[in-house]
Amino acid sequence: MSGHSKWHNIQAKKSKTDAARAKIFTKIGKEMMIAIREGGANPESNSKLRDLITKAKANNVPNDNIERIIKRASGNDAVAYEELVYEGYGPSGVAVIVEAATDSKNRTAGDVRHGFDKFGGNLGQTGCVGFLFSAKGVIEISETDEYGDKVVDSDKLMEDALEAGASDFVEDDGIYTIYTEPDDLSAVTEALSAKGYTFESAESAKVPSTYVSLDNPEDVEKMTKLLDYLEEDDDIVNVWHNWDGNE
């Protein structure tokens, strides 16, 4: 079950665009507001909200902030964000899925199209790349703590993860990536948290089935700039792609 995780490489490249960690609080908040409008404010009956709370906690969003978002989203004056999904290609055919939460569809559509056009990609029709991705829960745990001391035993973590209901477990450069079925993310995260594990990330994700390498330095630069551009947009909450991130 253990092995090389290209997902970790993709996340590592993505993390370069997340220098301002505070941005993620706002983005998760928007996702939570949409989830609450669609399925209610009770995470026990709203699995999407439950997974977003898991994601928020893994990103160190304080409980008070989470409760404040839920309360605000439940009110009559909550902003009516719309959930939008765009699909397209980056340089050399890298598949890209962009998920947005916006109060202005025209603004967001224009901004997304501009990014693809500017950095060597092209926006496609719905479904043009979606078939290359599968919905999964993805949890990342570091082998070491912030001081570089080893705090996680891989064999014990794999045993605990599989016992909790994980579907796969891979290791890459001191990061353990645990995959779950979409509906099992929160349960697995809660079980591992109860055993004392802390998370680098934990979220519902779209995981690619195939990966694309970029050998041309110009394509690498354009793809990096496209991801930076998309991640910096406050309306865009998630960007999934199949660039293997080894460059």
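Modeller: Buried means under 20% relative accessible area, exposed means over 50%, and partly exposed is in between, with a 1.4 Å probe and protein chains only. The model is predicted, with local features needing pLDDT of at least 70 and side-chain atom pairs counting only at pLDDT 80 or more, while totals for chains, interfaces and linings use all residues. Residues are numbered from 1 along each chain as its sequence is written, and side-chain values use heavy atoms, with hydrogens and water left out.

Biologist: What share of the 247 residues of the protein chain counts as buried?

Modeller: The limit for buried is the one just given, under 20% relative accessible area. Applied to the 247 residues of the protein chain, it gives a buried share of 48%.

Biologist: How many helices and strands does the protein chain have?

Modeller: Helices (H or I, at least four residues) and strands (E, at least two) are DSSP runs, numbered from the N terminus. Counted in this way, the secondary structure comes to eight helices and eight strands.

Biologist: Which strands hold Lys206 and Glu99?

Modeller: Lys206 and Glu99 form a salt bridge, their closest N and O atoms being 2.7 Å apart; the term needs a side-chain nitrogen of Lys or Arg within 4 Å of a carboxyl oxygen of Asp or Glu. Glu99 counts as buried at 13% relative accessibility, whereas Lys206 is partly exposed at 29%. The pair ties together parts that are 107 residues apart in sequence, so Lys206 and Glu99 sit in strands β7 (residues 201-208) and β2 (residues 95-102).

Biologist: How many salt bridges does a search of the whole structure find?

Modeller: Side chains of opposite charge can pair when their charged atoms come close. The search of the whole structure gives a total of 13.

Biologist: Which residues are linked with Arg107 in a network of salt bridges?

Modeller: Arg107 counts as partly exposed, at 37% relative accessibility. The network joins Arg107 to Lys30, Asp103 and Asp235.

Biologist: Which helix holds both Glu218 and Lys222?

Modeller: Their side chains meet in a salt bridge, 3.3 Å from N to O. Glu218 is partly exposed with a relative accessible area of 44%, and Lys222 is partly exposed at 30%. The two residues are four apart, about one turn of the helix, and that helix is α8 (residues 217-232).

Biologist: Which residues form a negative surface patch?

Modeller: A patch takes residues with over 30% relative accessible area and no salt bridge, joining like charges within 9 Å and nonpolar side chains (Val, Leu, Ile, Met, Phe, Trp, Tyr) within 5 Å. Asp153 is partly exposed at 42% relative accessibility and lies in the loop between β4 (133-142) and α6 (154-164). The patch consists of Asp153, Asp155, Glu159 and Glu163.

Biologist: Is Leu157 buried or exposed?

Modeller: Leu157 is found in helix α6, and its C-alpha is 27 Å from that of Pro43, which is 114 residues away in sequence. With a relative accessible area of 0%, Leu157 is buried.

Biologist: What is the phi of Asn60 near?

Modeller: Asn60 is found in the loop between α3 (47-58) and α4 (63-74), and at 60% relative accessible area Asn60 is exposed. Pro62 also has its place in the loop between α3 and α4. Asn60 is a residue other than glycine with a positive phi, near 60°.

Biologist: What is the phi of Ser92 near?

Modeller: Ser92 is in the loop between β1 (82-89) and β2. Ser92 counts as partly exposed at 48% relative accessibility. Its phi is positive, in a residue other than glycine, and near 55°.

Note on methods: Areas by Shrake-Rupley, 256 points an atom, 1.4 Å probe, with all protein chains shown as cover. Lys, Arg positive; Asp, Glu negative; His and termini not counted. Charge placed at Lys NZ, Arg CZ, Asp CG, Glu CD.
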